[in-house]
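Here is a short report on one protein chain.

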Amino acid sequence: MRVIFDTDIGNDVDDALALAILHGLESRGEAKILAVTITKDNKYAASFIDCVNTFYGRPGIPIGVVRNGKTPEDSAMIRVPATRRNADGSFVYPHRITDGARAPDAVFVLRSVLEKQPDASVVFIQVGFSTNLARLLEAAPDLVAHKVRLLSAMAGSFPRGDPEYNVKTDIPAARRVFRDWPSPIVFSGFEIGQALLFPAASIEHDFAWAANHPVAEAYRNYMPMPYDRPTWDLTAALYGVRADRGYFSISQPGTVDVDDKGRTVFTPDAKGTRRYLILEPEQKARVLEALTLLASQPRQDLR
Ligand SMILES: [Ca+2]
């Protein structure tokens, strides 16, 4: 499965665990990460992604950053791992991008990567704001229509609920993408990740195969340990790669509009191409076990 990961890395720790899951799936031969693009406009977001990709032995994955984007605020979960140094002055987590402002533009990266892919082959996993995807849709609608098979998005609340963070942070972009994106979209709403808490015990035990692990370090720097955090973005990553494995139930088709407050409004429509995940009580334990095992999958050379 060819995947592109679009993330607001730094605003919550689930983005880092979702990226770890994608690397775990690539190590298992199930996914190929084509690019990572970022919607948090902070200089350490790209640095941290570079740290993680390099840590997993994939330093060549293209990284693109938003320009004039949302949420420039500082974030210890990305800044601390991206800047920590050994006694000899070298980075604990080697990486090349030390200032995201000098990384390429996200839409440029997305266009150049998509152009090289077979038709209907690419799965987008969007776990932040819709800023980059809305700009891509504006710049190259035909490219998106030809190359993309699915958008798995952590966004919204279903069937109804309060405005969700990823939507309300960039409402015009979300409205545009949810209305006009040509491929099917499957939403993992706020309620899915909220019902599945990533256990602090997994961070403390399952990541111990590496003395220094950038994702475990991000987790420790996001909030005081121990804490269990919702798995919002992890569920979108899991569904994007393993859509047919029955982890979740899925809604009827419909359309999704965004109101002026940032609420997602789902309207059933037999011709619609938008659906949302539904988590049945008996599915919870299996999904959570898959999320913890895949997120902590050891790097190939340390296995
Ligand atoms: Ca996120």
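## Charges over rings

A charge sits over a ring if NZ of Lys or CZ of Arg is within 6 Å of the ring centre and within 35 degrees of the ring normal. The model examined here is predicted. Arg299 lies over the face of Phe55, 4.9 Å from the ring centre. Arg85 does likewise with Phe91: its charged end sits over the ring, 4.2 Å from the centre.

## Aromatic pairs

A pair of aromatic rings is described by the distance of the centres and the angle of the planes. The count here comes to 11 aromatic pairs. One of them joins Phe55 and Trp209, with ring centres 5.8 Å apart. Their planes stand at 35 degrees, so the pair is tilted; planes count as stacked under 30 degrees and as edge-to-face over 60. Phe55 belongs to helix H2 (residues 43–55). Trp209 sits in the loop between helix H10 (200–205) and helix H11 (214–222). The pair therefore ties together parts that are 154 residues apart in sequence. Phe55 has a relative accessible area of 10%, so it is buried.

Phe129 and Tyr165 form another pair, with centres 5.7 Å apart. The angle between their planes is 65 degrees, so this pair is edge-to-face. Distant parts of the chain are linked here too, 36 residues apart. Phe129 lies in the loop between strand E4 (122–126) and helix H5 (131–139), and Tyr165 in helix H7. Tyr165 is partly exposed, at 36%. Elsewhere, ring pairs link Phe158, Phe178, Phe187, Phe266 and Tyr276 into a cluster.

## The largest pocket

Tyr165 also takes part in the lining of the largest pocket. This pocket has a volume of about 160 Å³. Its lining comprises 13 residues. Nearest the centre lie Asp12, Glu164, Tyr165, Asn166 and Trp232. Helix H1 (14–27), helix H7 (165–168) and helix H12 (232–241) are the elements that give two or more residues to the lining.

Asp233 lies in helix H12, one of the helices named for the pocket lining. Is Asp233 buried or exposed? Its relative accessibility is 2%, so it counts as buried. Beyond neighbours within four places in sequence, Asp233 is in contact with Asp14, Asp15, Ala18, Val127 and Met154. Ile125 is 108 residues away along the chain, yet its C-alpha is separated from that of Asp233 by 8.8 Å.

At 11% relative accessibility, Leu34 is buried. Its contacts beyond four places in sequence are Arg2, Val3, Ile4, Ile61, Pro62, Val113, Gln117 and Val122. Leu34 and Ile63 are 29 residues apart in sequence, and their C-alpha atoms are 9.4 Å apart in space.

## Backbone geometry

Which peptide bonds are cis? The bond from Phe158 to Pro159 is cis, with omega near 0 degrees. Pro159 is placed in the loop between strand E5 (148–154) and H7. Pro226 is found in the loop between H11 and strand E8 (229–230).

Positive phi values occur at Thr71 and Ala120. Thr71 is not a glycine, yet its phi is about 50 degrees. Thr71 lies in the loop between strand E3 (63–70) and helix H3 (76–83). Its relative accessibility is 12%, so it counts as buried. Ala120, also not a glycine, has a phi of about 55 degrees. This residue is in the loop between helix H4 (106–114) and E4. At 46% relative accessibility, Ala120 is partly exposed.

Definitions and conventions: Residues are numbered from 1 along each chain as its sequence is written. This is a predicted model: local features need pLDDT of at least 70, side-chain atom pairs count only at pLDDT 80 or more; totals for chains, interfaces and linings use all residues. Side-chain values use heavy atoms; hydrogens and water are left out. On a 1 Å grid over the protein atoms alone, a cavity is a set of points where a 1.4 Å probe fits but cannot get out, and a pocket is an open set with protein on both sides within 12 Å along at least five of seven lines; lining residues have an atom within 4 Å of a point. Grid points are joined across faces, edges and corners, and a volume is the space filled by probe spheres set on the points. Helices (H or I, at least four residues) and strands (E, at least two) are DSSP runs, numbered from the N terminus. Rings of Phe, Tyr and Trp (its six-membered ring) pair if their centres lie within 6.5 Å; planes under 30 degrees apart count as stacked, over 60 as edge-to-face and the rest as tilted. Buried means under 20% relative accessible area, exposed over 50%, partly exposed in between (1.4 Å probe, protein chains only). Contact means heavy atoms within 4.5 Å.
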